Amino acid sequence: MTFRAPSAVVAVVFLATPAAAQVSLDTQVSARRVEVNQPFRVQLKAFSDGQSNPANPRLTVPDGMHAQGPSIGTQTEVSITQGRMVQRVGITATWTLTATKPGTFRIGPPSIDVDGKREKGSLVVVQVVPEGQGGRRPGGIPGRIPFDPFDFFDPFGRAPFPRLPFDEPPSEPETPTYPPEYAVDRVLDPVAFLVARAKPQKVVLGQAVNFALYAYGARGVFEPGATTEPSREGFIAYTVDQDQIRAHPVPVEGSTLIAARISQLVLFPIRTGTLRIGPARFGFQGRSYAKSGSPGGLLRESQPIDIVVVEPPLAGRPVGYRLGDVGRYTLTASVTPTQIQQGEAVSVVAKLEGVGNVPPKLNLPQQTGVEWMDPGTIEKIEAENGAVRGSRTFTYVVRIDREGTIDLGEVTLPYYDADKQRYDVARAALGTITVRANPNGAPAPVASALPKDRLENVVLPPKRLRELTPPPPPLSDRRGFWLLLLAGPLGVLTVGQALRVARRLRERWGAEQKTPLHRSREELDAARKSAGSGLVSETAAAIERSVHFALEAATGIRARGVLRSELPRSLAARGVSAELAERVVGVLEAAELARFVQATERGEASELFARGEEVVNALLKGKRG
Amino acid sequence: MTRALLAFAFFVALSGRAAAGNEKAQASVDEALAAVERGALDEGIDRLELLADRGFVHPDASTARAYAYVERARSRGARPGDLGRAAAALEEAKQLDPDNAALEASLEQVRAEISRRRARAGGSPLVQRPTLGRAVADLLPENAWAILAAFGSALLTAGLLLKRVGRRGAEIAGAVGIAAGLLFGLLGGCLVAAARHYRTSSRPAVVVVPEARLLDEAGRPGPAKGPLSEGIPEGALVHVREQRNERSFVEWGSTRAWVQSAQLRLIALSPHPLP
């Protein structure tokens with residue numbers, strides 16, 4: 001996609017000076033009638049499209065008048081006219097003159113050197129009247145407003161301090177002027193860059209978005225190379241034709257860029273959401289930008305811009321409003337003829353005009369017996385000065401099948417005024433039509449009267465809105481439903497398992513809670529039972545365990561981990577008598593031997609038990625548990 | 001006491017506001033129907049559509065909208081899609097008032113007329129059956145499946161308890177309870193979950209243009225997943241599973257495809273007063 005170049009805009013070029021430079025001179029005087037000794041100014045503006053500045057301004061003054069100056073300011077103008085961008089350089093020379101006697105004076109003409117040739121301005125004629133007859137403000141310069149806040153150098157019309165005779169006349173500083181929309185905060189690229197701007201960036205559906213693409217070059221003049229328009233899905237676009245593109249010198253961060261608005265569009269969003277205006281590309285061509293012959297020039301791309309599009313508010317929305325009808329419109333209508341015969345037609349011409357994407361449809365006043373045919377439409381819509389404005393003229397043929405005086409009602413267009421942020425309705429009353437009866441004409445058939453109308457009475461209108469109680473939300477939307485569904489079976493399973501685990505834990509806990517003393521006595525009881533049955537090995541095992549627990553209870557020694565030969569010494573160290581220690585070792589050895597006796601020897605078992613019981617009781621003497 | 005009075009006052013204020021909203025809605029419907037009666041069909045439809053745009057959902061308002069569209073479809077000013085919009089309004093009314101048999105009959109007649117006109121224009125009568133899962137889940141209302149699942153759960157709980165009693169008779173009864181509870185619980189649970197999934201993951205809509213062209217994900221006309229390669233006809237009930245930009249991913253029978261959202265009218269599922 002390439003730019004449709006506006007007819008008058010292509011190049012951004014400072015043209016080289018041809019042999020004969022074009023020069024424009026403009027001579028102005030601050031007052032044509034002054035008093036004697038009242039200062040006034042003569043100014044010569046000289047511009048040339050050549051490469052050298054105009055220089056050496058001169059002004060010849062007649063006798064009875066003297067001149068100060070000139071003060072000289074330099075200026076640069078860049079403009080594009082009919083496809084050519086022209087840079088003009090020039091100076092402004094200003095003389096301050098004072099007359100010493102009354103009379104009519106012919107001053108000048110001022111002259112200046114341009115490319116070695118002396119060019120002359122216009123002759124100035126000034127009438128000088130005696131002091132006090134001109135009604136001047138003392139000290140002021142005629143032709144100035146008393147207080148000019150925009151004159152930064154002399155807002156009060158005269159210098160605050162008297163100038164000394166040997167002072168050089170002040171030179172007016174050069175201040176490049178440019179429209180504010182060209183301003184940039186910083187140089188985005190040292191050579192060239194593009195800046196895309198869209199305003200506003202949050203709009204309602206159908207509201208205009210102004211998009212403009214600016215090219216900035218830091219190396220002087222440039223011409224357009226390969227260019228592509230930005231993608232803009234979801235928008236209707238109108239290109240703003242620019243008869244003349246002006247390039248402006250824009251000072252940024254100490255350097256002066258050449259800036260030009262190379263494209264301007266008015267976009268109308270046709271759907272809601274976040275719509276993106278894609279990047280545009282532009283080729284900077286010129287000696288300072290791209291090598292000669294390089295296709296497309298120095299390519300640069302602008303940043304994409306997101307536009308948020310929402311629907312206009314529901315509050316206050318009029319009946320018949322169609323989404324996208326945004327702007328500001330007026331509606332006029334005419335009806336001809338106003339007297340017809342039944343079955344004939346009238347012509348209704350309605351003209352809708354205004355600012356915005358002029359809607360293609362109007363709301364028509366329908367009624368039984370009045371039939372509106374599809375309209376013919378003439379549209380004239382233009383984008384200029386950053387806005388789309390225009391008109392649509394709708395021509396309807398309206399057939400009337402009823403007789404009598406018929407009020408046609410009014411055609412309307414509800415629209416949303418985004419600037420005022422409210423809805424409005426453009427209306428045009430159509431007036432009344434007198435319809436004479438047509439005795440010969442057959443009434444036009446209506447669809448509802450056709451014999452095979454299968455849709456007749458298919459749907460009957462409700463008489464009144466019933467009172468409704470909103471149904472409760474589905475059970476499955478309630479959080480408790482799913483919990484309840486699983487709670488029963490899982491609860492039974494979980495509780496059963498928990499009870500089983502609890503019982504096991506309780507048993508284990510109970511076992512861990514028994515003391516050695518307690519367990520010693522338990523084992524002794526077990527040994528007694530085994531001895532009663534004559535089970536020698538079981539008795540021996542129980543006696544052995546009982547003695548070990550008794551040793552642990554009495555001395556704290558875990559005897560299983562102590563060598564039998566070391567046991568007496570260990571027991572002695574814990575205060576057990578040697579005789580008792582001897583008996584303990586004897587019982588343990590006897591039990592160890594007896595554990596391997598498989599026979600049933602009631603006597604041996606009883607004897608072993610007796611020895612064991614005696615030792616255990618001796619060890620546990622005085623212990624309770 | 002003060003709290004009770006405040007609560008009562010708040011309730012009265014809310015009731016009053018709801019009543020005022022209903023009065024406004026009633027007035028809008030009356031004006032719309034009056035406009036239809038005098039032949040201003042566009043105005044009547046605009047009034048009813050504006051009421052719907054403002055959030056008012058009521059089966060009678062939907063029925064009035066269906067009536068207005070049918071009247072316009074009968075008139076010389078008929079527009080393409082009028083019958084589809086009437087079908088959408090009737091489908092909504094049926095959804096909001098499921099016990100009203102007259103709505104079902106009206107909807108069938110409107111769809112029959114759409115099919116007849118489509119056949120007259122040379123279009124094939126396209127009928128799509130819902131998928132097996134959706135068909136089974138739609139056999140009963142969602143709450144019926146929920147109650148069945150709850151019954152199964154209770155039966156299973158009782159069976160498990162009886163099994164723990166320890167007596168032989170109770171153990172047999174418990175085993176039967178567990179089997180039956182598992183059957184009903186799983187059946188009801190799966191179907192209520194499926195019905196809920198369909199309800200929450202998709203929304204019913206009706207095609208309101210003569211034919212909704214099937215698109216691929218990028219918006220290009222393309223083959224859909226399923227047996228259908230043509231468009232979806234006017235008045236067809238589809239289920240919208242996803243909306244992206246201006247397109248909707250719809251399920252129509254076993255066909256799944258993207259269509260332009262503007263070609264569909266979403267169906268409201270529950271009544272809503274005028275805010």
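First, the conventions. This is a predicted model, in which local features need pLDDT of at least 70 and side-chain atom pairs count only at pLDDT 80 or more, while totals for chains, interfaces and linings use all residues. Residues are numbered from 1 along each chain as its sequence is written, chains are lettered from A and ligands numbered from 1 in the order in which they are written, and side-chain values use heavy atoms, with hydrogens and water left out.

Helices (H or I, at least four residues) and strands (E, at least two) are DSSP runs, numbered from the N terminus. Two strands pair if DSSP finds at least two bridges between them.

Now the sheet. In chain A, β4, β8 and β9 make an open, antiparallel sheet of 3 strands, in that order. β4 (55–58) and β9 (117–120) of chain A are at the edges with a single partner strand each, so one side of each has no neighbour in the sheet. Between β8 (residues 111–114) and β9 of chain A there are 4 bridges; S111(A) has K120(A) as its bridge partner in β9(A).

Next, helix α2 of chain A, residues 516–532. Which residues of α2(A) are buried? They are L517(A), S520(A), E523(A), L524(A), A527(A), S530(A) and A531(A). Buried means under 20% relative accessible area, exposed over 50%, and partly exposed in between, with a 1.4 Å probe and protein chains only. The cover over the buried residues of α2(A) includes α3 (536–555) and α6 (602–619) of chain A. After α2(A) comes G534(A), with a positive phi near 75°.

Most residues other than glycine have a negative phi, and most peptide bonds are trans. N37(A), not a glycine, has a positive phi of about 70°; N37(A) is partly exposed at 39% relative accessible area. N457(A) has a positive phi of about 60° and is exposed at 54%. The K199(A) to P200(A) peptide bond is cis, omega near -10°, and the T336(A) to P337(A) bond is cis, omega near -15°.

Last, chain B. Its secondary structure comes to 8 helices and 7 strands, and 45% of its 275 residues are buried.

Technical notes: Contact = heavy atoms within 4.5 Å.
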